[in-house]
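Please look over the structure below before reading the points. They are meant for someone who has not seen it before.

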Amino acid sequence: MTDANSKTAPLKVLVYSDDVNTRQQVILALGRRPHPDLPELEYVEVATEPVVIANMDAGHIDLAILDGEAAPAGGMGIAKQLKDEIFDCPPVLVLTGRPQDAWLATWSRAEAAVPHPLDPIQLAETVIGLLRSRVPA
């Protein structure tokens, strides 16, 4: 791989939900490239907590989007665990059940929260803001 290719390597976005429809909504809302200043996105779809932890521990994820409404392990609890256990943890966005649950996302130490039902524009703007910090200037 040349240096030119490494500068445009895709950003890896983990999308966790026990609901395949929620994962697909997130991926469809963001698309392959939500902003021209960012590299393409590559998605890692995950349906269980152990796979979230394994992927995050591996260190190749640039952003984690966690469904706070997932069962049996909710995204907020997973977010708190990730932030407590992973040094220099990548940004985490939690999908909350409703706008009033944003305070719970703060407790989980997630950098951002977007409520269900997902607004594709709000989701994209939030993700773009979080990913900008992961791209070298």
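This is a predicted model: local features need pLDDT of at least 70, side-chain atom pairs count only at pLDDT 80 or more; totals for chains, interfaces and linings use all residues.

1. Residues are numbered from 1 along each chain as its sequence is written, and side-chain values use heavy atoms, with hydrogens and water left out.

2. Helix 3 spans residues 49–58 (helices are DSSP runs of H or I, at least four residues; strands are runs of E, at least two; both are numbered from the N terminus). Its residues Val52, Ile53, Asn55 and Met56 are buried (under 20% relative accessible area; exposed is over 50%, partly exposed in between, with a 1.4 Å probe and protein chains only). These four lie on the same side of helix 3 because they cover an arc of only 165° around the axis (taken from the directions from the helix axis to the C-beta atoms). Pro50, Asp57 and Ala58, on the other side, are exposed.

3. The buried residues of helix 3 pack against strand 1, strand 2 (41–46), strand 3 and helix 4 (contact means heavy atoms within 4.5 Å). Just after this helix, Gly59 has a positive phi of about 80°.

4. In helix 4 (residues 75–85), the buried residues are Gly75, Met76, Ile78, Ala79, Leu82 and Lys83. Their arc of only 160° around the axis puts them on the same side of helix 4. They pack against strand 1 (11–16), helix 3, strand 3 (63–67), strand 4 and helix 5.

5. Strand 4 (residues 92–96) and strand 5 (residues 112–115) run parallel, joined by four bridges (pairing requires at least two DSSP bridges). Between them the chain passes through helix 5 (residues 102–107), in a right-handed β-α-β crossover (with the strands pointing away from the viewer, the path from the first strand over the helix to the second runs clockwise).
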